Amino acid sequence: MKSVLERGDVDRTNRALAQWTTNSQPVPDGMPSDVRDFIEEARKLPEWLDARLMKGADTFYTTRSFYLSTIIGLCGGIMMSVIPRESRAVYWSAGGADMKDRIAKTYRLVYDQIAVGAYGPNGRAATTAVKVRLTHGAVRHLLPQSPHWKKVADQPKPISQADMMVTWHTLATMGMRIMRNWGVHLPQDEVDGLLHSWQVNGHMLGIRDDYIPSSWDQAERQAQKDLDTIMGPTPEGVKIANMLVDLGRDLDGRIVSRPAIEAFTRYSLGDKLTDWMQLPPQPLYQGLLTATWPTYVAIREGGLTQAALPPELYHQMDQLANTFELVYLGGFRPINIAIPTGNNPNYGKPQYK
């Protein structure tokens, strides 16, 4: 990515990337040869991918993707604000200039990951993960050039293997933690399949296989050591949290969306993390959530257990909600994960054109 940036091939690469969407699609013409070579290697699925386990994941995503999309949409994304290395990297890189666009790209990755058939020929998860790897490569080269980031950073380069595992836990492990707290009881095939799909996700994002947890118990132990102990407040994180809870301002002028998001964040993540984000308590909304959310989950789970509604109906409703969220965050335009050419433009000019 350093070579692509320095020789001015970013626009050419981004134009080709925008045309590349599904896992089985050939790399579009016009891609620089070295980028094409990297993509062809990086897009290969791991040899250990188990089709049987992925069926369990597809069963989960057919009926219960709502839980993960809600958790990640309202909690997983905002958790970056209490992870110091991540909040500093996001704030001072190009993504910090437009958090709505930045979080839209994160949700593009997540929703492609939690789709039925995510790694099948017509899925998008492998393709999107490779685009994220390219973006990470560019940020690793660009961000150390930012004097603002260097002033607060405690690492020579951002987005290390450890950093990526921490982010993995904010999505996968925290998702399982919160679902269990909500009283979601998953069949074993869905438990195993869900873990396997996230293991594949980690591999496709470039995390070393030996770092990826082999069980949910190992994931929890790892998260207790490597995630829970490193979280804390930063000035950058407070600003990011404020920007993220404001994402609904174009819909309702923050009247309902902001306090509702603040309440759900506190309900799901607890007071400690939400206080670090400097998000105020919302007693009315929190009271409503405490009184109604467990009942809603119980009714939904009861309907699934008793086959009161066909699983496909749950899936269609969840997909409709996810699509609306992506359309809104994308400003009613396609969400393209593109290689950045500089850091936060509000804090220094881009280095490459």
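Predicted model: local features only at pLDDT ≥ 70, side-chain atom pairs only at ≥ 80, totals over all residues.
Leaving aside residues up to four places away in sequence, Trp 216 touches Ala 172, Thr 173, Met 176, Arg 180, Val 191, Leu 194, Leu 195 and Trp 198. Trp 216 is also among the residues with the most contacts inside the largest nonpolar core, a group that includes Leu 68, Met 179, Trp 182, Leu 194, Trp 198 and Leu 269. That core has 67 residues, and its largest share, 10 residues, comes from helix H9. A second, separate core has 16 residues, among them Ala 16, Leu 17, Ala 42 and Ala 138.

Now let us follow the helix to which Trp 216 belongs. Helix H11 spans residues 216–226, and in it Trp 216, Ala 219, Gln 222 and Ala 223 are buried. Viewed down the axis of H11, these buried residues fall within an arc of 120°, so they line one face of the helix. The general rule behind such a pattern is that an α-helix has 3.6 residues a turn, so residues three or four places apart point the same way. What lies over the buried residues of H11? The cover includes helix H9 (161–181) and helix H10 (188–204).

Stepping back, you can look at the whole chain. It has 17 helices and 0 strands. Of its 353 residues, 54% are buried. Among contacts with a separation of 6 or more, 74% are between residues 24 or more positions apart. The chain exposes about 16000 Å², and carbon and sulfur atoms supply 56% of that area.

Most residues other than glycine have a negative phi. Ile 159, however, has a phi near 60°, a positive value in a residue other than glycine. You will find Ile 159 in the loop between helix H8 (147–152) and H9. Gln 278 also has a positive phi, near 60°, and is likewise a residue other than glycine. Gln 278 sits in the loop between helix H15 (271–276) and helix H16 (283–305).

Is each of these two residues buried or exposed? Ile 159 has a relative accessible area of 15%, and because buried means under 20%, Ile 159 counts as buried. Gln 278 has a relative accessibility of 59%, and because exposed means over 50%, Gln 278 counts as exposed.

Terms used
Residues numbered from 1 in each chain as written. Heavy atoms only, no water. Buried < 20%, exposed > 50% of the residue type's maximum accessible area, 1.4 Å probe, protein only. Helix = DSSP H or I, 4+ residues; strand = E, 2+ residues; numbered from the N terminus. Arc of directions from axis to C-beta. Contact = heavy atoms within 4.5 Å. Core = buried A, V, L, I, M, F, W, Y, C linked by side-chain atoms within 4.5 Å. Areas by Shrake-Rupley, 256 points an atom, 1.4 Å probe, with all protein chains shown as cover.
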